Amino acid sequence: MFRRVVCSTGALALRARPAYMARVSAAAMPSMTFHTSSKDLMPYKMPEEGGKVRLGFIPEEWFTFFYNKTGVTGPYMFGTGLILYLINKEIYVVSHELLHGALIIGLLVYGVKKFGPAYTAYADKTINDQIEQTYDVKNAQVDALQQSIDAEKKEQWRLDGRNMLFDARKENIAMQIETAYRERLHTVAADVKKKMDYHIEVENVKRRVQQEHMVEWIQKNVIQSITPQQEKENIAQCIRDLKTLSARA
Amino acid sequence: MAARRVGQKFVDFAAFAERVPPNQRAQFLALKSKSEAIKAKFTALPEKPKAIDWAYYRKRVPVAGLVDKFEKQYSAVNVPYPKDTATAAVEEQEKQMDKLAADFKVESEKRIAEYEKELAQWTTMIPFEDMTKEEFAETFPETLEQRKKYPHWPHYPYWE
């Protein structure tokens, strides 16, 4: 039982052994180069589970050792015989100490059975928490580094975009120049046109003024040429016309 | 003539916008709106002015020989192309910027290499649960001072 407790607390988070560990442990023991065989003398992992046992504490191997010679009952016969022999020959004397020992062992077994699992859980939890904390630190570091690398790369990528800025600015300048040039062309054409339009307009005005003047002059002369005699005749003629019209109506 | 080239080039502002650092966003937007205004003005202006109908004017303009004279002069007139004084400055700036960018890139690569070295240290590290004290000291030499100050049992100076 003790073994189980120790095993499960000592062998936490078992993993496949990474290759770099061989390098590290070889480098950690430079003075042990006595021979050229593997220098990894320590086991890398504690066994996670205890070996198989019978009757709660006797290793399975001790039983299988007898099987070839004696069959499956042999080990029990041997054990019983051994105990009987020791007692019979008074090599082991049965006294109050036997009872004492049995009680102590019983108490120990009881204690381990009763408090072992709780202690195991507590110890596992403590160590797991510690490991988690250290891994939190590690992951934070790794994340931060990765982010810094990404940020640097992004900044480089952004800097590559400066060509776009200069392209755009050059393009703007070219377009502005071209616009100015076109505006000049347009101004020349418009000015030439304006000058000619001006001449046409001057001619038009001149003609209109001449025409108006002529009309006025003719009207004036005609009115001047009318005599009072003609006017009277004209009115009489009008009255006559009105009379004929009223007679007809 | 330059007119062929001008305005043909396509500045991809959408792709450009992605590359603008957040702190230069306002400047970028100002440039963008300015460019768009310039472009609009440019595209609104036709390349050549409308051809003058000389025959129409020849019939109407009363001054003898004026139209012919104008036509001759108009076809002979050479409108000077505006001199480009700004592009040189921009190119100068570009050259400076290239230099700065190259410098920055070198520095940045250096920093990235540093980060990656550190990162490799973390990723190829022995898992914490498999570490011995000596390996921990080897992996994190910066904790040495503290370990000297507060040594663990059995207070054996293994850093020596």
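A salt bridge is a side-chain nitrogen of Lys or Arg within 4 Å of a carboxyl oxygen of Asp or Glu. Keep that in mind as you look at this predicted model, where the count between chain A and chain B is five salt bridges. Over all chains, a search of the whole structure finds 12 of them.

## Where the two chains meet

Let's begin with the contact itself. Chain A brings 61 residues to it, and chain B brings 74 residues. The size of an interface is often given as the accessible area lost when the parts come together. Here, about 6900 Å² is buried between chain A and chain B, with carbon and sulfur atoms giving 69% of that area. There are also 16 residue pairs in polar contact between the two chains, counting pairs with both residues at pLDDT 80 or more.

Which elements of chain A give two or more residues to the side that touches chain B? They are helix 2 (20–28), helix 5 (96–160) and helix 6 (162–225) of chain A. Helix 6 of chain A gives the most, with 35 residues. Sorted by class, the side of chain A that touches chain B has 28 nonpolar, 12 polar and 21 charged residues.

Side chains of opposite charge can pair when their charged atoms come close.

| Residue pair | N to O distance |
|---|---|
| Glu183(A) and Lys41(B) | 3.7 Å |
| Glu91(B) and Lys170(A) | 3.8 Å |
| Asp129(A) and Lys125(A) | 3.3 Å |
| Asp191(A) and Lys194(A) | 3.8 Å |

Take the pair Glu91(B) and Lys170(A). Why does this pair join two chains? Glu91(B) lies in helix 6 (residues 86–123) of chain B, while Lys170(A) lies in helix 6 of chain A, so the bridge runs from one chain to the other. Glu91(B) is partly exposed, with a relative accessible area of 36%. Lys170(A) counts as partly exposed too, at 24% relative accessibility, because buried would mean under 20%.

Now turn to a pair inside chain A. Asp129(A) and Lys125(A) both sit in helix 5 of chain A, four residues apart, which is about one turn of the helix. Are these two residues buried, partly exposed or exposed? Asp129(A) is partly exposed, at a relative accessible area of 33%, whereas Lys125(A) counts as exposed at 53%, because exposed means over 50%.

Helix 6 of chain A holds another pair, Asp191(A) and Lys194(A), with three residues as the step between them, again about one turn of the helix. Asp191(A) counts as partly exposed at 40% relative accessibility, and Lys194(A) is exposed, with a relative accessible area of 55%.

## A labelled stretch of chain A

Finally, a look at what a database record says. In an unreviewed entry, UniProt lists residues 128–155 of chain A as a "coiled-coil region". In the model, this span is 100% helix and 0% strand. The C-alpha atoms at the ends of the span lie 40 Å apart. To find the stretch in the structure, look along helix 5 (96–160) of chain A, the helix that also holds Asp129(A) and Lys125(A).

Conventions: Residues are numbered from 1 along each chain as its sequence is written. Chains are lettered from A and ligands numbered from 1 in the order in which they are written. This is a predicted model: local features need pLDDT of at least 70, side-chain atom pairs count only at pLDDT 80 or more; totals for chains, interfaces and linings use all residues. Side-chain values use heavy atoms; hydrogens and water are left out. UniProt positions are given in the numbering used here, feature names are shortened, and annotations may be inferred rather than shown by experiment. Contact means heavy atoms within 4.5 Å. Buried area is the accessible area (1.4 Å probe) that two parts lose on being put together, summed over both. A polar contact is a pair of N or O atoms within 3.5 Å; within protein, one must be able to donate a hydrogen and the other to accept it, and residues adjacent in sequence count only if both atoms are side-chain atoms. Ala, Val, Leu, Ile, Met, Phe, Trp, Tyr, Cys and Pro count as nonpolar, Asp, Glu, Lys and Arg as charged, and the others, Gly among them, as polar. Buried means under 20% relative accessible area, exposed over 50%, partly exposed in between (1.4 Å probe, protein chains only).
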